[in-house]
4 protein chains.
Amino acid sequence: DSARRVSGSAKRTLNAQGRPNILQVGMRQSPWQDLYYLMLTIPWVWFFVLTVLMYVGTNGCFAIVYLIGGNNLTNAQPGSFWDAFFFSVQTMATIGYGAIAPSNFYANVVVSVEAMLGLLGVAVVTGLTFARLARPTARVLFSRVAVIAPYNGVPTLMFRTANRRGNQILEARLWLSLVRDEVTEEGYTMRRFYDLKLSREHTPVFSLTWTAMHPIDADSPLYGMTSDELSRDNTEIVVSLMGIDETVAQTIHARYSYIIREVLWNHRFRDIFVDTLDSKRAIDFTRFHDTFEIEF
Amino acid sequence: DSARRVSGSAKRTLNAQGRPNILQVGMRQSPWQDLYYLMLTIPWVWFFVLTVLMYVGTNGCFAIVYLIGGNNLTNAQPGSFWDAFFFSVQTMATIGYGAIAPSNFYANVVVSVEAMLGLLGVAVVTGLTFARLARPTARVLFSRVAVIAPYNGVPTLMFRTANRRGNQILEARLWLSLVRDEVTEEGYTMRRFYDLKLSREHTPVFSLTWTAMHPIDADSPLYGMTSDELSRDNTEIVVSLMGIDETVAQTIHARYSYIIREVLWNHRFRDIFVDTLDSKRAIDFTRFHDTFEIEF
Amino acid sequence: DSARRVSGSAKRTLNAQGRPNILQVGMRQSPWQDLYYLMLTIPWVWFFVLTVLMYVGTNGCFAIVYLIGGNNLTNAQPGSFWDAFFFSVQTMATIGYGAIAPSNFYANVVVSVEAMLGLLGVAVVTGLTFARLARPTARVLFSRVAVIAPYNGVPTLMFRTANRRGNQILEARLWLSLVRDEVTEEGYTMRRFYDLKLSREHTPVFSLTWTAMHPIDADSPLYGMTSDELSRDNTEIVVSLMGIDETVAQTIHARYSYIIREVLWNHRFRDIFVDTLDSKRAIDFTRFHDTFEIEF
Amino acid sequence: DSARRVSGSAKRTLNAQGRPNILQVGMRQSPWQDLYYLMLTIPWVWFFVLTVLMYVGTNGCFAIVYLIGGNNLTNAQPGSFWDAFFFSVQTMATIGYGAIAPSNFYANVVVSVEAMLGLLGVAVVTGLTFARLARPTARVLFSRVAVIAPYNGVPTLMFRTANRRGNQILEARLWLSLVRDEVTEEGYTMRRFYDLKLSREHTPVFSLTWTAMHPIDADSPLYGMTSDELSRDNTEIVVSLMGIDETVAQTIHARYSYIIREVLWNHRFRDIFVDTLDSKRAIDFTRFHDTFEIEF
């Protein structure tokens with residue numbers, strides 16, 4: 001039974017970081033083909049290390065090519081790797097002090113090749129650096145728990161989201177799904193998705209907080225179910241938010257998942273809107289995840 | 001009672017600049033994490049000041065590093081900060097006159113580091129400069145007041161918008177909401193949103209002006225309400241416009257809010273379409289906010 | 001009566017190039033604020049002329065600044081404008097031959113300023129150049145006339161569009177509107193839009209041609225109307241196409257307008273699909289605008 | 001009859017690579033106007049060859065211009081093409097060693113022109129290089145066959161798709177169409193599209209696999225049809241998938257087409273979800289295209 005509970009937790013569709021909780025086997029991986037995607041998504045420290053390695057490596061290669069051609073750089077010590085290396089740096093970065101300069105046809109050809117490759121390479125690396133910076137990312141906060149409480153008499157599933165950036169998310173849209181294991185008439189087990197209707201699923205501008213509400217009426221797959229019944233089928237409630245970030249005018253996305261033990265029956269969220277002393281409205285985010293039990 | 005009116009005005013959801021009128025308390029601010037967003041949104045003068053400070057600061061640091069290594073620059077006065085500083089400028093900007101040049105291993109290594117950081121740094125700063133220029137912004141004008149007047153016999157809420165750019169806004173869409181304070185059956189006060197249906201909410205191309213019309217029929221939350229009743233619940237009418245800017249092919253957005261005292265009962269907008277002397281059509285924007293009272 | 005016809009043609013909402021046919025009066029123009037938009041949309045020849053003027057002008061200004069500082073450039077003829085000008089070019093473009101080089105503090109400071117402004121300026125101009133190239137533009141062809149012919153027994157308005165680029169337009173969507181002058185019960189004349197329903201308004205992929213069809217059934221504003229009745233109210237049929245260009249992954253848009261005399265009653269388009277000798281399908285675009293009269 | 005079958009196969013709307021299977025005749029091709037599109041879509045090897053040719057060609061032209069002006073480069077051998085060529089390379093790439101430098105007005109003017117053109121040209125080429133890298137491409141796998149099998153008692157058309165990238169496709173949407181030849185009442189043959197309704201056509205996040213299901217109920221154009229009847233009209237089932245790539249935040253698209261002989265009646269896909277030894281879920285892509293016959 002303990003193993004079952006562990007397996008149940010392992011079957012959660014999204015992990016805590018919102019990534020799929022499933023391995024891939026037998027998919028032909030082609031990291032080289034997807035190098036651009038890789039360079040966009042590796043951590044900054046790896047990106048920087050790779051950039052330095054490429055910079056040093058390429059200049060090292062060109063230094064060797066200059067040395068192979070013999071004594072062909074003015075003012076460079078014949079056969080000196082470092083003189084050739086630093087000359088290569090000055091050429092690739094298009095500094096060109098001229099203290100060391102190509103002195104024959106061979107060196108000039110290599111310089112011409114290095115200049116072209118250098119310009120393209122610098123464009124790609126600096127383009128990648130900026131593309132990484134400019135990648136739109138959502139900083140959306142979801143309440144750690146969802147609650148079920150009556151709203152105008154109807155039991156309603158509620159959770160809160162907040163835009164942690166100071167800016168606005170345009171044309172924001174929320175999707176709420178219930179995922180559970182099911183067995184078809186033909187005897188096949190499948191993990192199926194059911195949409196949970198929200199009383200408000202779209203907002204033209206989402207700038208502060210949004211309390212999503214799903215009324216558990218006769219149409220809801222949650223209607224009349226107990227916490228125990230839901231736990232049995234590895235039920236999970238998956239939230240997905242999409243909108244356009246106002247600052248960068250690009251689509252952003254966030255998602256979250258509540259397992260059944262994170263849904264609190266007969267709880268309500270604490271109010272986060274407070275009035276300041278000078279009678280302005282304020283939002284107190286320290287209470288964002290706070291709930292309290294209600295009595296009937 | 002005067003305090004109440006002030007508080008009512010303070011509870012307006014959007015302020016005059018269309019930003020939320022609410023403070024945030026207890027949200028962990030992380031300006032460094034959102035540095036990119038910050039650099040995109042600070043005023044130009046601050047952006048320029050920061051760029052100059054970074055340019056001077058970085059070159060100052062490299063100048064000190066060159067000086068620490070001792071007498072290592074050809075033609076530079078030994079120990080001269082300014083010779084080292086200007087050499088650094090010529091290196092980082094990849095000018096490299098060569099009048100001053102690195103003369104030993106130490107200086108060459110520093111040059112190699114500075115060249116790489118310089119290329120990346122210049123890419124980020126110039127990328128930011130261009131991204132700031134290219135950020136899509138809406139220049140949409142809303143009439144300062146909304147009016148209510150009969151249209152084909154039905155009382156209709158109307159306001160005008162205009163695209164102040166000469167270009168076209170594609171797939172433009174308007175949302176109109178009524179926001180007011182409400183108390184649920186369970187006794188909780190909430191600020192709720194109601195959609196106000198527009199007789200035309202979408203247009204494939206929005207290039208000049210658009211008069212939005214909400215018929216106040218039996219389905220409208222405004223049906224049968226007086227100006228006084230609306231004022232009581234801090235009612236506000238929020239407009240939101242979204243579309244794709246034809247010139248830059250990116251999503252733009254504009255919003256506006258009318259409080260009840262900005263909605264004029266039994267008024268009509270003055271016509272802005274005029275015929276010029278050579279019988280061409282023209283729009284006279286000097287009349288854009290003008291209304292006149294109508295009689296029955 | 002001839003004047004009326006001229007006025008009717010002047011009231012066409014879109015002109016032949018698909019731009020609005022209306023002047024703007026009294027709108028405060030702010031060309032400087034919208035300089036970016038201007039630089040994106042002026043013709044290439046003007047863009048190039050402006051770039052050259054700015055390049056020559058800026059270098060001319062810096063040349064004067066160098067001259068003002070007196071004899072401060074090594075190897076430059078004292079007081080020579082052109083030596084200072086060419087030195088400025090070599091600095092701004094970060095070439096820095098070093099044949100001419102700054103020889104004192106004043107010149108070095110000016111070089112530092114010019115290097116920074118040069119890098120930013122080059123970034124903006126080259127960014128603009130690329131943004132102009134990369135602006136997504138639709139190359140969509142509309143048939144010069146629309147026709148009305150029975151389709152499965154129902155009279156149907158049809159016109160043809162074709163994607164003139166070799167690529168694909170994704171999630172393409174067509175809107176068809178009828179625009180005509182109308183007088184409200186209250187006596188105001190307005191130009192109103194009516195949507196004309198298409199039998200297929202969306203296609204996941206639009207790569208070759210698309211024949212749009214609007215069935216003139218009882219729900220259509222065109223139902224039972226004659227060509228003469230339509231002409232009376234300056235009626236016009238406006239088409240708008242939007243989709244995502246597969247190659248550049250950006251939204252593109254095209255529009256066209258048919259006045260009533262461009263709608264041919266009881267005509268049909270010639271077939272453009274032909275079978276080649278090796279029994280492959282081909283499209284013959286030379287017949288794209290061709291129609292023929294049908295008999296009953 | 002064999003010819004008919006060949007022609008039937010030739011009439012497939014999309015070929016194996018998902019491109020339209022139709023030639024274009026009489027469309028005025030304008031490769032120069034669409035040069036930007038061309039440079040984005042030609043293979044990398046051609047792009048690289050063109051870049052090298054342009055680089056060598058432009059520098060060659062400038063070399064000739066320098067030579068025409070006579071003896072105007074310091075340290076260059078008078079009349080030497082290669083000295084002028086390498087000087088041009090050092091100028092265009094803004095290296096500027098200064099070993100060779102312009103020595104008179106003529107050369108300085110040419111340098112100024114080359115510097116400006118060089119900066120713009122490098123911006124365009126490096127911009128193109130990065131734009132090619134950054135073009136969003138879908139790596140979506142479709143099962144090689146579709147199957148028809150009962151699902152909860154209803155015969156259901158199914159096929160599988162998988163996102164071969166490790167990332168997520170946001171707001172993914174599937175369209176399924178049936179395309180077949182038809183003759184209208186008026187006697188015209190047309191290739192018509194019918195939408196096939198999917199039991200789930202949208203998913204907020206598509207990260208691993210998606211089994212699309214079209215229930216063949218009374219509303220389906222496939223209802224009650226046999227494989228033979230479908231083959232007669234060159235019937236084809238076209239799939240189209242669109243969504244937003246999470247990594248690059250741009251719209252991506254994939255499509256596939258099943259001809260009738262690729263639809264397997266009374267088959268089912270093999271399960272690809274497996275449990276690993278440490279009771280984690282995994283997907284085994286080696287079974288992705290595998291089906292097995294079912295019995296009743």
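How many salt bridges are counted between chain C and chain B? The count is two, where a salt bridge is a side-chain nitrogen of Lys or Arg within 4 Å of a carboxyl oxygen of Asp or Glu.

Before I go on, a word on the basis: this is a predicted model, in which local features need pLDDT of at least 70 and side-chain atom pairs count only at pLDDT 80 or more, while totals for chains, interfaces and linings use all residues. Residues are numbered from 1 along each chain as its sequence is written, chains are lettered from A and ligands numbered from 1 in the order in which they are written, and side-chain values use heavy atoms, with hydrogens and water left out.

Let me stay with chains C and B. B:R200 pairs with C:D195 in a salt bridge whose closest N and O atoms lie 3.6 Å apart. On the side of chain C that touches chain B, helix 5 (residues 105–134) gives the most, with 15 residues; helices here are DSSP runs of H or I, at least four residues, numbered from the N terminus. Contact, meaning heavy atoms within 4.5 Å, takes in 64 residues from chain C and 59 residues from chain B. The area buried between these two chains is about 5,500 Å², with 64% coming from carbon and sulfur atoms; buried area is the accessible area (1.4 Å probe) that two parts lose on being put together, summed over both.

Turning to chains A and B, the contact draws on 60 residues from chain A and 65 residues from chain B, and about 5,600 Å² is buried between them, 64% of it on carbon and sulfur atoms. Two salt bridges are found across the interface of chain A and chain B, and B:R255 and A:E246 form a salt bridge through their side chains, at 3.1 Å from N to O. Here helix 5 (residues 105–134) of chain A gives the most to the side of chain A that touches chain B, with seven residues.

Finally, the relation between copies. A rotation of 90° with 0.0 Å of shift along its axis superposes chain A on chain B, with an RMSD of 0.1 Å, by least squares on the C-alpha atoms of residues with pLDDT of at least 70 in both. The two copies are therefore related as by a four-fold rotation axis. Only 8% of the interface residues of chain A are also interface residues in chain B, so the copies meet through different surfaces.

Methods
Helix = DSSP H or I, 4+ residues; strand = E, 2+ residues; numbered from the N terminus.
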